[in-house]
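This briefing walks through a protein model from its overall build down to a handful of individual residues. Please keep the sequence and the three-dimensional view open while reading.

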Amino acid sequence: GQVIFKCTVCELQFKQPYRLKVHMARHSEERLFACPLCNYRAKLACNLRKHMLTHTNEKPFACHLCNYRGKLACALKDHIMLIHSDDKPYSCDVCEFKAKVPSHLKKHMVSHQDETPYQCNVCDFRAKRAGNLKEHMGTHTSEKRFRCKMCSYGTRRQRNLRKHMAIHFDDKPYICQICPYKAKLPNYLKDHMKIHTDMRPYDCPLCDYKSRQSRQLKRHIQSHAESFGINSMILSEMAN
């Protein structure tokens, strides 16, 4: 019969030994592949190759439907699913939620968990995700550790830096299929698309206000800061 190569940790089986070898790296904490340009280390050589693209402006993967170009094949695949497709093949097995890409489903699944294991050691804030706690901790410091390499801009939040970087480029690869609107970032297009619907998915936790866009909610929720006597930073966390 055919030789089967079996993982000794999770019992997953493979037909080729090299696939087992790659798989076993996922069970290890060793990161043998080091980037020569920064402190990044990877478990797998393929992950290091992907990382190296972050140090270049090369974007070899072109969308055949718009001007978007990506550094990674998976980024192009996600772009096509998010922007050019209505398919939502990833279904939640708890509710009726469906997602276009696996990462959106993974984030959604956290909403079905009651646990908030990540606790701030400065205030009472608790988070379901380590990344949310990490971002929250920036509200307790004036340090702006995320710095733009092209200007003097600095921010406490990594996502703010990603948004900021768009001002340094003229490309607007994200195109609305209904009107002439074009966007520099996918979340800008996502927010824009809501003007073509009556959806108002962003709820104020302090009143009945609803908005189409997250930034509209953030502007609104700041109006509660003085009347509720709550620090505006904490209110910003509530709007996230």
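Contact, as the word is used throughout, means heavy atoms within 4.5 Å. The model is a predicted one, in which local features need pLDDT of at least 70 and side-chain atom pairs count only at pLDDT 80 or more, while totals for chains, interfaces and linings use all residues. Residues are numbered from 1 along each chain as its sequence is written, and side-chain values use heavy atoms, with hydrogens and water left out.

**Overall build**

- The secondary structure of the protein comes to 10 helices and 16 strands, where helices (H or I, at least four residues) and strands (E, at least two) are DSSP runs numbered from the N terminus.
- Along the principal axes, the C-alpha atoms of the protein fill a box of roughly 70 × 45 × 45 Å.
- The domain assignment, whose bounds come from an automatic or database source, gives domain 1 (5-56), domain 2 (144-197) and domain 3 (203-238).
- Taken over C-alpha atoms, the centres of domain 1 and domain 2 are separated by 32 Å.
- Among the contacts in the protein with a separation of 6 or more, 9% are between residues 24 or more positions apart.

**Surface and charge**

- Of the 240 residues of the protein, 25% count as buried; buried means under 20% relative accessible area and exposed over 50%, with partly exposed in between (1.4 Å probe, protein chains only).
- The accessible surface comes to about 17000 Å², of which 52% belongs to carbon and sulfur atoms; such areas come from the Shrake-Rupley method with a 1.4 Å probe, and for residues only the protein chains shown count as cover.
- The protein has 43 positive and 22 negative charges, and their mean positions are 7 Å apart; Lys and Arg count as positive and Asp and Glu as negative, without His and the chain ends, and each charge is placed at NZ of Lys, CZ of Arg, CG of Asp or CD of Glu.

**Annotated spans**

- In an unreviewed entry, UniProt lists "domain: C2H2-type" for residues 5-32, 33-60, 61-89, 90-117, 118-145, 146-173 and 174-201; the positions follow the numbering used here, feature names are shortened, and annotations may be inferred rather than shown by experiment.
- The span 118-145 is 29% helix and 14% strand, and its end C-alpha atoms lie 21 Å apart.
- For residues 174-201 the end C-alpha atoms lie 22 Å apart, and that span is 29% helix and 14% strand.

**Helix H1**

- Helix H1 (residues 17-25) has Leu20, His23 and Ala25 as its buried residues, and the elements that cover them include strand S1 (5-6) and strand S2 (13-14).

**Helix H3**

- Leu76 lies in helix H3 (residues 73-84) and counts as buried because its relative accessible area is 13%.
- Leaving aside neighbours within four places in sequence, Leu76 is in contact with Phe61, Ala62, Cys63 and Tyr68, whereas Lys144, 68 residues away in sequence, is 31 Å away in space, C-alpha to C-alpha.
- Ile83, also found in helix H3, counts as buried because its relative accessibility is 16%.
- With neighbours within four places in sequence set aside, Ile83 is in contact with Tyr174, Ile175 and Leu189; Ile83 and Ile175 are 92 residues apart in sequence and 7.9 Å apart in space, C-alpha to C-alpha.

**Two partly exposed residues**

- Arg145 is found in the loop between helix H5 (130-137) and strand S11 (146-147), and it counts as partly exposed because its relative accessibility is 45%.
- Beyond its neighbours within four places in sequence, Arg145 is in contact with Lys134 and Thr155, and the C-alpha atoms of Arg145 and Thr155, 10 residues apart in sequence, are 6.5 Å apart.
- Lys182 has its place in strand S14 (residues 182-183) and is partly exposed, because its relative accessible area is 42%.
- Apart from neighbours within four places in sequence, Lys182 is in contact with Lys172, Tyr174 and Ile175, while the C-alpha atoms of Lys182 and His192, 10 residues apart along the chain, are separated by 9.3 Å.
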